[in-house]
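I opened the model to look up a few things and kept these notes as I went. The entries follow the order in which I checked them.

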Amino acid sequence: MRRLLALALLLLMHAAAMEVHEEDYTEEDEMILSLIRKDDSQPELESAPSGQFLRCTKAAWRVPGHYIVVLRSGTHENQVARTMRALRAKAARRGYLTEITRTYSGAVRGFLVKMSSDVLHMALKLPHVDYIEEDSTVFVQGLPWNLEHIIQTKNQSGKYTPPNDGAQVGLYLMDTSVQTSHREIEGRVMVTDFNSVPEEDGVRVHRQANQCDSHGTHTAGVVSGRDSGVARGVSVNSVRVLNCQGKGTVSGVLAGLEYIRASLQVQPISPVIILLPFAGGFSRTLNTACREMVRSGAVLIAAAGNYQDDACLYSPASEPEVITVGATNAADQPLSAGTTGTNVGRCVDLFAPGDDIISASSDCPTCFTTKSGTSQAAALVAGIAAVLLNANPKASPADVLQLLRHHSVQQVMNPDSLPAEHRLTTPNMVAALPKTTAPSGNPLLCRSVWSEKSGVAISDTVVAHCRQGEEMFSCSSYSPNGARAGERIEVRDGQKHCVAHNGVGGEGVYAIARCCTGNNVQCQAHASPQTGMDAECPSPEHQLTGCSSHFESGGVADPMRPLHGNRKACPARTRMTSYASCCHALSLECRLNEHYPSGFTEQAEVSCEDSWTLTGCNSLSQGFITHGAYARGNICVVRASGEDRGAAAIAICCRIVH
């Protein structure tokens, strides 16, 4: 109450000194003063908070007192302004000052406010607030120099001759500042007028240009450097969101993405790549902004992070629409240096060299240096993506991801080098340039998307789904101990979901969606008319690309052998519901490849030929427990337990005939 009276007295004294009449107050001042004048003797009746409060899981990375207020979808600009005024008024009534430092009107609608945490409960009750996220720090993902210098530098020889130089592609680099006078990138980088970075830590920070430009200069050189770049014709636009220590904030990155969006509306660039060589704690707001940028047509490429952890715990690496890149060393193994190393897991899309990468140094205009980390790996993949887009300028972000994986080197990492809990879900592939970018039609390309592991209750389910621009060709599941109740495909808000069910005595289950692109393929999921009946494709023009099955009772569910003759269907056992994935496209054809082991084996495999693509993978029980089926590249893998005849592996292989 004392603070309230003091604030009221200050406002009245200021009004008297300036001889301001009541009619001269702004609407905002009137609101604040009217609320202050209210009698505080009665407690204010307030409803329960309708908004959600989010904060970074890494306590040390939080920015106390700075909050991103995100309003509900469909909120108008005048409602944003009204919400800001209401927040200031409510805070002032209790003697707290607030400062609106930035507004957002792109991927998210809202504002950044500096205020006491004591005001949070009031802000969450404002009518249009969806959620409030505490601001947090993002970091460059190059390893410290004192770890770099003990790793032997790779010596590269021979002439570098990529299929093209990526000259038709534009790239936005969200990083530190860049030394544009360096011979590697001179004339290739345009510094934009955007600059949103936090103050450096400590009171004696020396902001020499070579320190402030270090990471950005090196990254720009990896992408398009004259001698060290992957795609040397790419035009780079520098958007500064990281300070001289390589630190930024979620709010600053959001503002940078809005700046890029506005710039592209004024001066469209297509195709365009946005490189995000940093990582912070998981942020729903940052992921949402990145997702909206991808939906507008931009290809976003991010560092997985250097914490030897699950990439799904970090942003923007955890956003499914972003291409997330892990780092490998010279031996094509996951990068590790002491307690620091590449993040892994299902949120990583592919890996790329990230150890002792030679590029431009900001120490002088002709200096070079080596840096290591997922920032460098992401920059390499951005360069490869530029080469691919230069040859396929109409490729969608989903197409670019599929092409990057298609041209990568497969199964080169030692699975034992990965944490046990991530061995199945981490993609075993290292990015590489294509041998040629000559047109080859619109091939059918597929990848597997793993869900997180479900809980262990019999009712627990888990979901996997495809990116925008991909079609779900099949849905399967995998259980570490084989106790699973199968899987099903359902449509939610127009998007197909692969839903896996944990079984009785299960230790958790994974859902695995097979996601594909190519030649405008359209797919449908058809369920059994009733339990025990087959699920069929609707017409001869549709090809059967996958079979799924589910026991409502929680019993172990293995699909039966798909019917792939004149009648394309997924048979069902008693009390089982089957689901047929049926796809249609011009010149799409499919067939079965099967492998029946003669004796017991814990793992059965069957592959598709080079000109065919694996779209569906099923296990067929021969009298014992199967753990499920999943794809490893173009190979269908089935795992089993028991001492009987083993399990059969059945692959559905498809292709588009040109």
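Which are the buried residues of α7? I find His 215, Gly 216, Thr 217, His 218, Thr 219, Ala 220, Gly 221, Val 222, Val 223 and Ser 224. Buried here means under 20% relative accessible area, exposed means over 50%, and partly exposed is in between, with a 1.4 Å probe and protein chains only. Helix α7 covers residues 214–224, and because 10 of its 11 residues are buried, the rest of the structure largely encloses it. Helices (H or I, at least four residues) and strands (E, at least two) are DSSP runs, numbered from the N terminus.

Ground rules. The model is predicted, so I note that local features need pLDDT of at least 70 and side-chain atom pairs count only at pLDDT 80 or more, while totals for chains, interfaces and linings use all residues. Residues are numbered from 1 along each chain as its sequence is written, and side-chain values use heavy atoms, with hydrogens and water left out.

Whole chain. I count 11 helices and 39 strands in the protein chain. Of its 658 residues, 55% are buried. Contact means heavy atoms within 4.5 Å. Among contacts with a separation of 6 or more, 77% are between residues 24 or more positions apart. The chain exposes about 28100 Å², and carbon and sulfur atoms supply 49% of that. The areas come from the Shrake-Rupley method with a 1.4 Å probe; for residues, only the protein chains shown count as cover.

I looked at α10, residues 374–391, which has 18 residues. From first C-alpha to last, α10 reaches 26 Å, close to the 26 Å expected at 1.5 Å a residue; the expected span is 1.5 Å times one less than the number of residues. Of the 18 residues of α10, 17 are buried. Helix α11, residues 397–406, is also mostly covered, with 8 of its 10 residues buried. The buried residues of α11 include Pro 397, Val 400, Leu 403 and Arg 405.

Cavities. How many cavities of 30 Å³ or more does a search of the whole structure find? The search gives 3. I used a 1 Å grid over the protein atoms alone, where a cavity is a set of points at which a 1.4 Å probe fits but cannot get out, and lining residues have an atom within 4 Å of a point. Grid points are joined across faces, edges and corners, and a volume is the space filled by probe spheres set on the points. The largest cavity has a volume of about 70 Å³. It is lined by 13 residues, of which Ser 474, Ser 476, Arg 514, Cys 617 and Ala 631 are the closest to its centre. Strands β24 (471–478), β27 (510–517), β36 (613–620) and β37 (625–632) each give two or more residues to this lining. β36 gives the most, with 4 residues. By class, the lining has 7 nonpolar, 5 polar and 1 charged residues. Ala, Val, Leu, Ile, Met, Phe, Trp, Tyr, Cys and Pro count as nonpolar, Asp, Glu, Lys and Arg as charged, and the others, Gly among them, as polar.

Backbone exceptions. Most residues other than glycine have a negative phi, and most peptide bonds are trans. I found a cis peptide bond joining Ser 270 and Pro 271, with omega about 0°. Pro 271 lies in the loop between α8 (250–266) and β10 (272–276). The bond from Ser 315 to Pro 316 is cis as well, with omega near 5°. Pro 316 sits in the loop between β13 (314–315) and β14 (323–328). Asp 332 is not a glycine, yet its phi is positive, about 60°. Asp 332 is in the loop between β14 and β15 (336–337), and counts as partly exposed because its relative accessibility is 27%. Arg 575 has a positive phi near 65° and lies in the loop between β32 (568–570) and β33 (576–584). At 61% relative accessibility, Arg 575 counts as exposed.

Two single residues. Is His 564 buried or exposed? His 564 counts as buried, at 18% relative accessibility. His 564 is in strand β31, residues 563–564. Leu 592 is 28 residues away in sequence, with a C-alpha to C-alpha separation of 7.3 Å. Not counting residues up to four places away in sequence, His 564 touches Gln 543, Leu 544, Cys 590, Arg 591, Leu 592 and Ile 652. Gly 455 lies in the loop between β22 (445–450) and β23 (461–464) and is partly exposed, at 32% relative accessibility. Leaving aside neighbours within four places in sequence, Gly 455 contacts Asp 460, Asn 502 and Gly 508.

Notes:
1 Å grid on protein atoms, 1.4 Å probe; cavity = no way out; pocket = protein on both sides within 12 Å on 5 of 7 lines; lining within 4 Å.
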